[in-house]
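This report describes selected features of one protein model.

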Amino acid sequence: MMQRNMTRTATRLAALALLLCAPPLAADARADEGMWTFDNPPTRQLAERYGFTPTPAWLERVRLASVRLAGGCSGSFVSPDGLVLTNHHCVHHCIEQLSTKQKDYVAQGFYAQTAADELRCPDVELNQLQAITDVTARIGQATRGQTGEAYATALKGAMTAIEKECATSADVRCDVVTLYHGGQYHLYRYRRFQDVRLVFAPELASAFFGGDPDNFMFPRYVLDAAFLRAYDGGKPAKMQHFFPWSPSGAAEGDLTFVTGHPGSTSRLYTMAELAYERDVLLTRRLMRFSELRGLLTEFSRRSPEHARIAKGLLFGIENAVKAYRGMHEALLDPALMQAKAKAEQALRQRVAADPKLAEHAGAWDAIAQAMAAQKALDHRYTFIERGAGFHSDLFRIARHLVRASDERTRPNTERLREYTDAQLPALEQRLFSTAPIHDELEIATLTFSLTKMREALGPDDPFVKQILGSRSPEQVAAAAVRGSKLKDVKLRRALYEGGAAAVAASKDPMIALARAADPEARRVRKQYETEVEAVLKKNREHVAQALFAIYGTDTYPDATFTLRLSYGKVAGWQEDGRTIAPFTRFAGAFERHTGADPFALPPSWLKARPNLDLTTPLNFVTTNDIIGGNSGSPVIDREARVVGLIFDGNIHSLGGDYGFDERLNRAVAVHSQAILHALDRIYGARRLLEELRPR
């Protein structure tokens, strides 16, 4: 069933690709396509299609009510007291970190009866977008005439300097964002919240009812919702802008908006980049993640406690495998690739025919050469620098300590990007997190990753021999994990504050492993940045400038995990002669209940059944254009009221990295009334309900 649906997705995407011969990412007013930045909203498209024109005041209110979970999700403020709505799966890690063998909040759920009961998440950071500034000219001036390593150095220095000027305190986060693959550079200034507390989360059995079999499917019957609270100075943060709750929620045909942070798309990629994703990147990731899923599944079967500590990681890996498989299926369809090639050829011909665009003509060939270089470097860069060979929280901590001790002694503009002054508050929050670390899981994942690195690089590779010596991956992993004291946050802080001398003197085996790996990791990173990244960035700029010159700026950029606005409507779809209705209801969840995982509703739902209105809508779908990173995004109406909560896309959306087809792509959301009904009738969350009550 799953494979058949994905093949059908690729076929539909092939038909969609025929539309891509038009200007890349050009917004057709007849389609609900686009992930629009707030400084370039789809005003014309909304007016033509829906007769709605967002005012500057509406856009500002929506922007300031939206929030980013820095770990990779979205959310929204829904009360003046810093209450944040997001998905359960977006805070699963926090819930797991706060759980113990005696109190398993993942399985049992969590509700803070009083403000004092709200528990601080160890490493959740929230970002509220305050301002967007165009810094394209400044970046262009700094990099003009540069190529290769000189270009990479100039670009990094300019971005770091701009962020440093902007980040005036630890409460301010500043990121220079690359848009249109280098066509524009914008500075995003955020208000940062690092004191974030858990308020409510249902049981995993209801938040992920249907499990992996239902993932990326519809109909769905889940309550994938949770509430956090942002604190400022030890008190709930006061919010002037927040989304009130709609009295009725979404109805079929309603205009809907999704405001969130889509992670990344590849709709502007060249053929060489798409071929690399299809033939190398996705293929290798699928193989590695599938094997890791098998390892974690076996690990979870050892005991209930093993299952508890591995559940969050296993969930993420299963989700990734399904997503990567759908993306790969899309790129395997010949018609899609042929249509993409036709669009690229048409663009290149127009560039070649215009003498004013001559400087851009060689960009596609340069990108192809960079992809060849990336393929040659892929294994070393992925396993050594990107960490695929060292899958361990303790190793991640050790590497940060080793690198920070060196990087913080350098001028700010010369540091690795993740150690610049603007990035240090986020790094320090992760580094000093009180989240538990479990030895058995650490040994299992580190053993696996070291084994895969040896397979990829070969047992005779000098780096592999340096790391393993005469020991097996399991022996290296067990010795490093069991001998390490880095679970002690006070020790981490002492090493961090002690700087290079303290780290160099440390006898901790995980620190020693990170020290041993660092020289080669840095060498590979520099080679990648010079031979691949710098070439790609420089020549993607050329492609973007050619696109602007020919088609103008009436387009949206590929997703960059920055705040975007998408528009659509509540609508089902037609498939194989069937009509997929846009809503599911509570009754369907009980009909689907079998009593066996993953189709087992929790006891709280079964007990509350007589008190529920089973006709209440539970989940629904819209035509909004979303992608990974939009999880936790609010679905709002024309009046900027919450009508739903994004948590997934349907199976057809898995090709959304490469294009959008309004006929089939659907965003999947929890209905706003379902959240209120469950809080009231199942969980008795009176304090929370009172806070959400319209004011």
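## Salt bridges

The count comes to 55 salt bridges, a salt bridge being a side-chain nitrogen of Lys or Arg within 4 Å of a carboxyl oxygen of Asp or Glu. This is a predicted model, in which local features need pLDDT of at least 70, side-chain atom pairs count only at pLDDT 80 or more, and totals for chains, interfaces and linings use all residues. Residues are numbered from 1 along each chain as its sequence is written, and side-chain values use heavy atoms, with hydrogens and water left out.

R686 pairs with D680, their closest N and O atoms being 2.3 Å apart. E385 and R399 form a salt bridge at 4.0 Å, N to O. E385 belongs to helix α13 (residues 363-385) and R399 to helix α14 (residues 393-407); helices here are DSSP runs of H or I, at least four residues, numbered from the N terminus. E385 is buried at 8% relative accessible area, where buried means under 20% with a 1.4 Å probe, protein chains only. A network of salt bridges includes E385, R399, R403 and D518.

R63, in helix α3 (residues 56-65), is buried yet has no salt bridge. The nearest side chain of opposite charge, E60, is 4.1 Å away.

## Nonpolar cores

A nonpolar core is a set of buried Ala, Val, Leu, Ile, Met, Phe, Trp, Tyr and Cys residues joined through side-chain atoms within 4.5 Å. The largest has 91 residues, and W58 and F227 are among those touching the most other members. Helix α20 (residues 509-551) gives the largest share, 10 residues. Apart from this core lies another of 41 residues, including L394 and A521.

Note on methods: Helix = DSSP H or I, 4+ residues; strand = E, 2+ residues; numbered from the N terminus. Buried < 20%, exposed > 50% of the residue type's maximum accessible area, 1.4 Å probe, protein only. Lys, Arg positive; Asp, Glu negative; His and termini not counted.
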